[in-house]
There are 2 protein chains.
Amino acid sequence: MNDKVNLAEKFALLDEPYNPATVGYVNDAKIVVALIEGEFVWHTHDDTDDFFLVMDGELTIQLRDDDVVLGAGELFVVPRGVEHCPKADVPTRVVLIEKAGTPNTGDTGGEMTRAEREI
Amino acid sequence: MNDKVNLAEKFALLDEPYNPATVGYVNDAKIVVALIEGEFVWHTHDDTDDFFLVMDGELTIQLRDDDVVLGAGELFVVPRGVEHCPKADVPTRVVLIEKAGTPNTGDTGGEMTRAEREI
């Protein structure tokens, strides 16, 4: 995991939405690629902020009091402890940065939970 | 600093190479935009890894035993303690993530040192 990362090559390895994969680490955080399409689940990470950068497509980060809509080249950080639910109407490629060990579904769990994996 | 960040808008505010600016935070790290052109100085950050993502242009991260060349959509993390020197032959826009409080010139200092600032 010490080589450079070509994001397009990594995104090409993703075969389904909401099955994120780690492509590197910076300090105690994992650098993750994810394909987003459809709606995820409402969840909270109590011990990490959650960085989202859209590479292409359009991501809506639903918050309980607002929606944040991100196009390509836009980023948003969900503060720790803030409930959120991503969704996308078109296939959307996203880079996430959050503490390593953070479950994708946060405190919610359920069938959309995926084990951490590296690609 | 709690709104979404449009990177193109932030890059448009940069008026010179190697004068980075913070656009947000994720946990204890700052999210930085920088315009890179020409050669920087060799330096080391002993207490933080250094994440580089190229948005456009071409960045060479010189290491003492290798060069890492990044095009648009490519990223590399310089591990803490590893001496490095960025350079670019063309104007290159980069997103960096590293611990807040990290000087841009690391342990080297000198005339290319810039104070942290937010835009």
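In the predicted model described here, strand β7 of chain B is largely enclosed by the rest of the structure, because 4 of the 5 residues of β7(B) are buried, a residue being called buried if 20 or more other C-beta atoms, placed from the backbone, lie within 10 Å of its own. Strands (E, at least two residues) and helices (H or I, at least four) are DSSP runs, numbered from the N terminus. Residues are numbered from 1 along each chain as its sequence is written, while chains are lettered from A in the order in which they are written. As this is a predicted model, local features need pLDDT of at least 70 and side-chain atom pairs count only at pLDDT 80 or more, whereas totals for chains, interfaces and linings use all residues.

Within chain B, strand β4 (residues 50-56) is joined to β7(B) by 5 bridges, and the two run antiparallel, where strands are taken to pair if DSSP finds at least two bridges between them. In this pairing, Leu53(B) stands opposite Leu75(B). Leu75(B) also stands opposite Val5(A), and Glu74(B) of β7(B) stands opposite Asn6(A); strand β1 of chain A (residues 5-6) pairs with β7(B) in the antiparallel sense over 2 bridges.

Between the chains, 22 residues of chain B are in contact with 22 residues of chain A, contact requiring that the C-beta atoms of two residues, placed from the backbone, lie within 7 Å. The elements that give two or more residues to this side of chain B include α1 (7-11), β2 (21-26) and β7 (74-78), and β7(B) gives the most, with 4 residues.

Definitions and conventions: A residue is buried if 20 or more other C-beta atoms lie within 10 Å of its own, exposed if 12 or fewer, and partly exposed in between; C-beta atoms are placed from the backbone.
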